[in-house]
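Dear colleague,

Here is the structure I promised to pass on, and my notes on it follow below. Please read them with the model open beside you.

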Amino acid sequence: MIVSLIQRIYQDSLFLNSLYLMSATAVVAGFGFFFWLINARLFLTEEIGLATALISVMNLVSILSLIGFNATFIRFLPGSERPNDKLNTGMLLVGITAVLLTGTFVVLSNIISPPLHNLLNTPTTALIFIFLCVLTAVNAVTDSIFLAHRQTKYIFTINFVFSFCKILLPFLFVGFGAFGIFASAAVAQAIGLTLSMGILIRKFNFRPRFIIHWDIIRLVWRYSATNYLASVLNLLPVTLLPIIIINQLGAHPAAYYYIVMMIGNLLYTIPWATARALFAEGSNDESLLNANFKKAVGSIALLLTPSVLFLLVAGSYILQVFGTDFASEGVTLLRLVALSGFLVSATAIFGAFFQVKKDLLAIIVINSTFALATIALSYMLLPLGLEGVGVAWLVGNSIA
């Protein structure tokens with residue numbers, strides 16, 4: 001029976017790619033758990049709080065720099081007659097956008113977040129920050145290339161390698177404080193990009209060229225721009241909340257929030273990975289979308305329910321590993337984040353359906369509602385501390 005189940009999984013592209021994506025994210029989260037555990041022993045809590053905010057800025061830059069090409073690659077690469085032209089155009093535009101956004105943040109950091117400005121106030125640290133953020137942004141879009149080809153096994157391999165390197169790097173940067181923690185995370189991303197490019201060149205006949213093909217931009221710009229807006233709206237709360245928390249509540253709550261969301265994102269891997277696999281399958285063969293949609297819903301329900309229950313029961317013990325203060329200050333937030341998993345699943349799976357159908361207005365309405373509600377409620381409930389942020393997260397997802 002077990003052998004038959006394994007054979008069925010390997011014959012079903014949706015299940016197989018979903019499992020590889022979940023495993024890839026689980027590897028990142030699992031090694032990330034040890035990464036922050038090591039940092040908690042090597043660095044001060046205040047340094048961890050500052051680093052988490054700096055890493056959140058890097059992640060936000062990566063999201064904003066994608067300019068919709070993460071979805072465009074998945075939707076338009078299958079069956080394309082000019083895959084290299086599309087890849088070179090997309091990755092080059094992502095890199096240019098990352099330079100502009102990161103440079104702007106560095107220039108305005110004294111206004112946006114004075115605590116982070118103190119970490120970036122020398123030309124050397126500023127240039128290193130910009131360079132590493134650009135590499136991280138380009139690395140972020142390569143996952144979509146493998147997913148478009150339904151070869152997510154490479155995503156798993158790449159994530160394993162750079163995540164393993166990530167837990168070793170803090171020992172090299174221990175003398176650099178909060179910026180050393182950031183550098184550890186960013187250099188690991190650079191290692192991932194190097195490996196991704198090697199696989200693309202060797203296995204997919206990719207030929208890197210610093211050329212922008214304007215006819216391709218004219219072909220995909222509307223789809224890219226709309227997906228870009230939708231994805232930015234969806235991820236704004238995740239990336240802005242650490243900055244809001246560190247500015248309003250301080251570095252310690254920012255550290256507690258980041259660790260909780262790291263655990264929550266591991267839970268959300270289940271719907272996010274399944275939704276991305278559904279998007280890839282629908283882009284390759286839209287006639288099977290309804291059947292695959294039902295399978296995706298069933299898979300999420302089967303895996304998510306026990307995972308949520310586990311976090312509700314054992315969440316406090318998990319946080320204890322990072323320290324008693326993490327457990328006492330973050331357990332309520334973790335439970336609210338866990339309960340939100342069912343709501344996140346609904347928006348993720350329907351988002352994939354709408355992407356295949358190119359009904360992007362629906363996604364924008366849902367994501368804008370989520371972003372505005374979550375950020376506004378977080379500001380209103382900040383006097384309650386992290387518990388208020390957790391309530392805002394739950395309510396924002398409910399409205400979406």
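**Pockets and cavities**

The largest pocket is lined by 17 residues, of which A26, I263, L266, L267 and S307 lie nearest its centre; here a pocket is an open set of points on a 1 Å grid over the protein atoms alone, with protein on both sides within 12 Å along at least five of seven lines, a cavity is a set of points where a 1.4 Å probe fits but cannot get out, and lining residues have an atom within 4 Å of a point. Please bear in mind that this is a predicted model, in which local features need pLDDT of at least 70 and side-chain atom pairs count only at pLDDT 80 or more, while totals for chains, interfaces and linings use all residues. Residues are numbered from 1 along each chain as its sequence is written, and side-chain values use heavy atoms, with hydrogens and water left out.

The volume of the largest pocket is about 380 Å³, a volume being the space filled by probe spheres set on the grid points, which are joined across faces, edges and corners. Helices α2 (13–42), α11 (251–284) and α12 (289–320) each supply at least two residues of its lining, where helices are DSSP runs of H or I with at least four residues, numbered from the N terminus. By class, that lining has 14 nonpolar, 3 polar and no charged residues, with Ala, Val, Leu, Ile, Met, Phe, Trp, Tyr, Cys and Pro counted as nonpolar, Asp, Glu, Lys and Arg as charged, and the others, Gly among them, as polar.

There are 2 cavities of 30 Å³ or more in the structure, and the second largest cavity holds about 40 Å³ of space. Its lining consists of F69, T72, F73, F76, K86, I216 and V220, and α4 (69–76) gives the most to it, with 4 residues.

**Aromatic pairs**

The structure holds 25 aromatic pairs, a pair being rings of Phe, Tyr and Trp (its six-membered ring) whose centres lie within 6.5 Å, with planes under 30 degrees apart counted as stacked, over 60 as edge-to-face and the rest as tilted. The rings of F69 and F73 have their centres 5.7 Å apart and their planes at 55°, so this pair is tilted. Both residues belong to helix α4 and are 4 residues apart, about one turn of the helix. F69 counts as buried at 6% relative accessibility, and F73 is buried with a relative accessible area of 2%; buried means under 20% relative accessible area, exposed over 50%, and partly exposed in between (1.4 Å probe, protein chains only).

Y268 and W393 form a stacked pair, 6.4 Å centre to centre with 15° between the planes. Because Y268 lies in helix α11 and W393 in helix α16, this pair ties together parts that are 125 residues apart in sequence. Y268 is buried at 0% relative accessibility, and W393 is buried with a relative accessible area of 4%.

**Helix α15 and T274**

The buried residues of α15 include L360, F370 and I375, and what covers the buried residues of this helix includes α10 (214–248), α14 (341–357) and α16 (386–399). In helix α11, T274 counts as buried at 1% relative accessibility. Leaving out residues up to four places away in sequence, T274 touches L14, S18, M22, T269, A296 and I300, contact meaning heavy atoms within 4.5 Å.

With best wishes
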